[in-house]
Amino acid sequence: MLSHNAIHFEQIADGLAQHGFSFVDNFLLQPEIDDILNLDEFNDRLLHFKKAGIGNSQSRLINEAIRGDYIHWIDPRNTHASLLIYFEKLKALMTYLNQNLFLSLKEVELHLTSYPVGSFYKRHLDQFKLEDHRKISVILYVNKYWKEVEGGQLRIYNGSEVTDVFPISGRLVCMRSDKIEHEVLPATRERMSVTGWMLDQLIDVK
Ligand code: OGA
Ligand code: MN
């Protein structure tokens with residue numbers, strides 16, 4: 001029998017190959033998600049998180065009209081066990097995608113993300129510059145008991161098709177960073193996730 005992992009990986013690779021995106025549920029188990037939510041960085045997010053930007057040339061006002069989320073980058077060298085579990089699982093997925101989709105992904109970068117009530121991220125592509133090494137966007141939602149009436153869906157545009165994905169706990173979304181336009185709709189409660197990218201080059205250690 002295929003393991004849970006193998007089924008997820010196959011489903012993700014198929015979706016990426018056929019549509020440029022895919023999502024699976026229970027990528028992490030709820031106790032693993034609870035451990036992530038219990039991180040100091042998440043608990044004290046008012047202290048740790050910074051306003052996310054959209055590039056250096058934009059004014060605060062323009063930025064605010066485009067995205068309203070707060071983020072905290074994760075240092076892969078100094079990471080809590082709960083995030084290491086997620087890192088390792090993403091690295092295994094990366095190896096699987098390299099083998100099955102003939103990609104040359106080399107590294108994962110991650111940040112914790114919070115969208116305050118009412119905030120959004122307008123339609124965009126994650127790879128906005130030519131020299132960008134982001135290839136696959138990966139978002140893990142950590143919102144327990146999310147209800148559709150609360151909004152906050154990720155709206156994915158794929159040709160003439162539109163797919164809404166609600167940010168429910170344990171769900172992982174993968175998208176081709178250079179091809180799939182998407183937006184985050186406002187929600188009536190805070191919306192939290194771990195957002196990341198699989199890169200085709202190693203990150204420079206600062
Ligand atoms: C992003 C983004 C989508 C989401 O951070 O670039 O589009 O569902 N996130 O949080
Ligand atoms: Mn995005």
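This is a predicted model: local features need pLDDT of at least 70, side-chain atom pairs count only at pLDDT 80 or more; totals for chains, interfaces and linings use all residues.
**Stop 1: the ligand.** Select ligand 1, then show the residues around it: Tyr115, Tyr121, His124, Asp126, Ile139, Tyr141, Leu154, His182, Val184, Arg191 and Thr195. Colour that shell by class and you'll get 6 nonpolar, 3 polar and 2 charged residues.

**Stop 2: polar contacts.** Now pick Tyr141: a polar atom of its side chain sits 2.5 Å from an oxygen atom of ligand 1. Move on to His182, where a side-chain N or O atom is 2.8 Å from a ligand oxygen. Arg191 also has a side-chain N or O atom 2.8 Å from an oxygen of ligand 1. How much of the ligand's accessible area does the protein cover? It covers 99% of the 290 Å² that ligand 1 has on its own.

**Stop 3: the strands behind the shell.** Switch to cartoon view and highlight S5 (121-124), S6 (134-141), S10 (181-184) and S11 (191-199); each strand gives the shell at least two residues.

**Stop 4: the largest pocket.** Next, select strand S4 (107-115), which gives the largest share of the lining, 7 residues. By class, the lining has 22 nonpolar, 10 polar and 14 charged residues.

**Stop 5: the second largest pocket.** Finally, go to the space of about 180 Å³ whose lining includes Leu16, Ala17, Lys135 and Ile136. Helix H1 (4-19) and S6 each give two or more residues to this lining.

Notes
Residues are numbered from 1 along each chain as its sequence is written. Chains are lettered from A and ligands numbered from 1 in the order in which they are written. Side-chain values use heavy atoms; hydrogens and water are left out. A residue is near a molecule or strand if one of its heavy atoms lies within 4 Å of it. A polar contact is a pair of N or O atoms within 3.5 Å; within protein, one must be able to donate a hydrogen and the other to accept it, and residues adjacent in sequence count only if both atoms are side-chain atoms. Accessible areas come from the Shrake-Rupley method with a 1.4 Å probe; for residues, only the protein chains shown count as cover. Helices (H or I, at least four residues) and strands (E, at least two) are DSSP runs, numbered from the N terminus. Ala, Val, Leu, Ile, Met, Phe, Trp, Tyr, Cys and Pro count as nonpolar, Asp, Glu, Lys and Arg as charged, and the others, Gly among them, as polar. On a 1 Å grid over the protein atoms alone, a cavity is a set of points where a 1.4 Å probe fits but cannot get out, and a pocket is an open set with protein on both sides within 12 Å along at least five of seven lines; lining residues have an atom within 4 Å of a point. Grid points are joined across faces, edges and corners, and a volume is the space filled by probe spheres set on the points.
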